Amino acid sequence: HSGPPACSGCGCAAAVRVYPAGVFGEEWAGGAVGVVPCNITYLMAIKRNRIPYFFLIISTIALGLASRAAFIPELIYPYLGDVFYALMIFWITGFLFPRISSVNAALISILFCFLIEFSQLYQAEWIHEVRKTRLGGLILGFGFLWSDLVSYVVGGMIGLGLEYVLEKSRGTD
């Protein structure tokens with residue numbers, strides 16, 4: 001057999017990565033241990049260009065602030081800001097760690113947001129003073145809500161999905 005192995009998922013030769021047997025287990029190998037289908041490459045590290053991520057961060061901040069406007073439907077109003085918060089953390093993670101896998105970026109963003117949410121259970125006077133400031137309130141929030149945890153998972157998964165679509169559109173899988 002000469003040349004690089006074909007993708008076991010779709011048969012293409014683009015962006016197929018070869019790994020030692022057992023790295024992803026037999027189920028990922030598609031019958032040929034070590035060949036990873038291109039459609040799961042979001043599990044591996046990718047190379048990000050920081051300039052677009054900077055603009056994604058700024059855009060997401062703007063959308064998050066706009067999500068507090070009166071024209072947002074009442075059904076999603078309580079959750080939309082938290083979704084954008086997790087999405088912003090996803091973009092920041094990709095910006096700071098440009099070679100991290102998309103899945104790890106999503107996990108870090110979700111776990112970071114969970115940490116911030118659970119910190120809202122801490123009720124010392126000094127942290128209340130920080131939360132009273134505009135920036136402190138935006139970053140730390142005010143009160144713990146279980147529904148916020150769901151919003152953070154949704155935001156992290158949106159980031160993962162958007163990055164997958166962006167990578168596919170670039171043709172880099």
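## Handedness of a helix crossing

A crossing is left-handed if the near helix is turned anticlockwise from the far one by less than a right angle, and right-handed if clockwise. In this predicted model, helix α2 passes α3 in a left-handed crossing, while the crossing of α4 and α7 is right-handed. Both pairs are described below.

## Overall make-up

The protein contains 7 helices and 2 strands. Read from the N terminus, its elements follow the order β-α-β-α-α-α-α-α-α.

Of the 173 residues in the protein, 38% are buried. The exposed surface comes to about 10000 Å², and carbon and sulfur atoms supply 72% of that area. Among contacts between residues at least 6 apart in sequence, 65% join residues at least 24 apart.

Helix α3 covers residues 77-96, which is 20 residues. From its first C-alpha to its last, α3 reaches 30 Å, close to the 28 Å expected at 1.5 Å a residue. Because 14 of its 20 residues are buried, α3 is largely enclosed by the rest of the structure.

Helix α2 spans residues 50-66, and its axis comes within 9 Å of the α3 axis. The two axes cross at roughly 165 degrees. An angle over 145 degrees counts as roughly antiparallel, so α2 and α3 are described that way. On the α2 side, the residues in contact include R50, Y53, F54 and L56, as well as G64. On the α3 side they include F84, L87, M88 and W91, as well as L96.

## Helices α4 and α7

The axes of α4 and helix α7, residues 146-170, also come within 9 Å, and they cross at roughly 160 degrees. The pair α4 and α7 is therefore roughly antiparallel. Residues of α4 in this contact include S102, V103, A106, C113 and F118. From α7, the contact includes W146, D148, Y152, G156 and E163.

## Residue I116

Helix α4 runs over residues 102-119, and I116 is found in it. Is I116 buried or exposed? Its relative accessibility is 11%, and a residue under 20% counts as buried, so I116 is buried.

Which residues does I116 touch, not counting those up to four places away in sequence? They are Y85, I139 and L140. I116 and L140 lie 24 residues apart in sequence, and their C-alpha atoms are 6.0 Å apart in space.

Key: Residues numbered from 1 in each chain as written. Predicted model: local features only at pLDDT ≥ 70, side-chain atom pairs only at ≥ 80, totals over all residues. Heavy atoms only, no water. Helix = DSSP H or I, 4+ residues; strand = E, 2+ residues; numbered from the N terminus. Buried < 20%, exposed > 50% of the residue type's maximum accessible area, 1.4 Å probe, protein only. Contact = heavy atoms within 4.5 Å. Areas by Shrake-Rupley, 256 points an atom, 1.4 Å probe, with all protein chains shown as cover. Expected span 1.5 Å × (residues − 1). Axes fitted to C-alpha atoms, helices over the stretch in contact; angles between N-to-C directions. Parallel < 35°, antiparallel > 145°, perpendicular 65-115°, else oblique.
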